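Open the model in your viewer and keep the selection tool at hand. The tour below goes from the whole chain to single residues.

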Amino acid sequence: MLTTLLATVIGVFIGALSASTRTWVQVVVRLYIDIFRGVPSLITLLFVFFALPHVGISTGPITASVLGLAVWGGANIAETARGALKSISTRQTEAARALGLSKVQALVFAVMPQAVRRFLPPYVGQLTVLIQASALTSVVGVTDLLGSARQMIERLAYVSTDAHAVEIYCAVLFVFFAICYPLTLLAGFLERKLRS
């Protein structure tokens, strides 16, 4: 939950920065989006986990997992936000500016309300991907759902001949499906609703 919230804040902020007319801001935004969208979530997670102590930031596995996935997810959400903003005609901004609005006011009051309609369906899809990526946190030692399942299987294998691996992983599968499928339905509903 914290990861999705943080990724959303990062993504929307970076996406909004992409509307800047300053070249250096656009270059920084493009670099951030391209670098983290081009790297698998697992690599980002491991990089944050092992790199932060080298720069003097000591974190536990949970904090590193939240930061790693938020940075990776933020880049994907930023690209979604950037695409939604760029899909709005520049004439909308020009019309708002002709009415006396500043650049920021034109962005907030004229462009963003229209861009939100195009942002929401793919954003919900990105949340689904981010939730699925949370299964990777067990790699750095976080006892998440998948990590707990693995521990349970190892303990059962130690005390009996049947570890019930299939049943336990089916339960994990069901939990992820129960979380992600409603989000998939919501994305489809929003897409149909906003298109009509």
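Predicted model: local features only at pLDDT ≥ 70, side-chain atom pairs only at ≥ 80, totals over all residues.

Residues are numbered from 1 along each chain as its sequence is written, and side-chain values use heavy atoms, with hydrogens and water left out.

**The whole chain**

Colour the chain by secondary structure. The protein chain has 8 helices and 0 strands; helices (H or I, at least four residues) and strands (E, at least two) are DSSP runs, numbered from the N terminus. Along the sequence the pattern reads α-α-α-α-α-α-α-α.

Now turn the chain to view its extent. Along the principal axes, the C-alpha atoms fill a box of roughly 75 × 45 × 20 Å. The radius of gyration of the protein chain is 21 Å, whereas a compact globule of 196 residues would have one near 16 Å. That radius is taken over C-alpha atoms, and the globule rule is 2.2 Å times the number of residues to the power 0.38.

Of the contacts in the protein chain between residues at least 6 apart in sequence, 71% join residues at least 24 apart; a contact means heavy atoms within 4.5 Å. The protein chain exposes about 11,800 Å², and carbon and sulfur atoms supply 69% of this area. Accessible areas come from the Shrake-Rupley method with a 1.4 Å probe, and for residues only the protein chains shown count as cover.

**Stop 1: Ser18**

Select Ser18, which is in the loop between α1 (2–17) and α2 (23–37). Is Ser18 buried or exposed? With a relative accessible area of 5%, Ser18 is buried. Show its surroundings next: apart from residues up to four places away in sequence, Ser18 touches Gln26, Val29, Arg82, Leu85 and Lys86.

**Stop 2: the salt bridges**

- Arg82 and Glu79: their closest N and O atoms are 3.0 Å apart. The two residues are 3 residues apart in helix α4, and so are separated by about one helical turn. Arg82 is partly exposed at 21%, while Glu79 counts as buried at 17%.
- Glu79 and Arg30: the side chains meet at 3.3 Å, N to O. Glu79 lies in helix α4 and Arg30 in helix α2, so the pair ties together parts that are 49 residues apart in sequence.
- Arg30 and Asp34: the closest N and O atoms are 2.8 Å apart. Both are in helix α2, 4 residues apart, and so about one helical turn separates them. Arg30 is partly exposed at 28%, as is Asp34 at 43%.

**Stop 3: Val66**

Select Val66, found in helix α4 (residues 61–86). Val66 has a relative accessible area of 16% and is buried. Which residues is Val66 in contact with, leaving aside its neighbours within four places in sequence? They are Leu2, Thr3 and Leu6. Then draw a distance from Val66 to Ala110: the two are 44 residues apart in sequence and 34 Å apart in space, C-alpha to C-alpha.

**Stop 4: a nonpolar patch**

Select Leu145, Phe174, Val175 and Ile179, which make a nonpolar surface patch of about 340 Å². Patches are made of residues with over 30% relative accessible area and no salt bridge; like charges are joined within 9 Å, and nonpolar side chains (Val, Leu, Ile, Met, Phe, Trp, Tyr) within 5 Å. Helix α8 (residues 165–195) gives the most to the patch, with 3 residues. Val175 lies in helix α8 and counts as partly exposed at 33% relative accessibility.

**Stop 5: two cysteines**

Finish with Cys170 and Cys180. A disulfide is a pair of cysteine sulfur atoms within 2.5 Å, and by this rule the count comes to 0. Cys170 is in no disulfide, since the nearest cysteine sulfur, that of Cys180, is 16 Å away, too far for a bond. Cys170 counts as partly exposed at 46% relative accessibility, whereas Cys180 counts as buried at 6%.

Conventions. Buried < 20%, exposed > 50% of the residue type's maximum accessible area, 1.4 Å probe, protein only. Salt bridge = Lys/Arg side-chain N within 4 Å of Asp/Glu carboxyl O.
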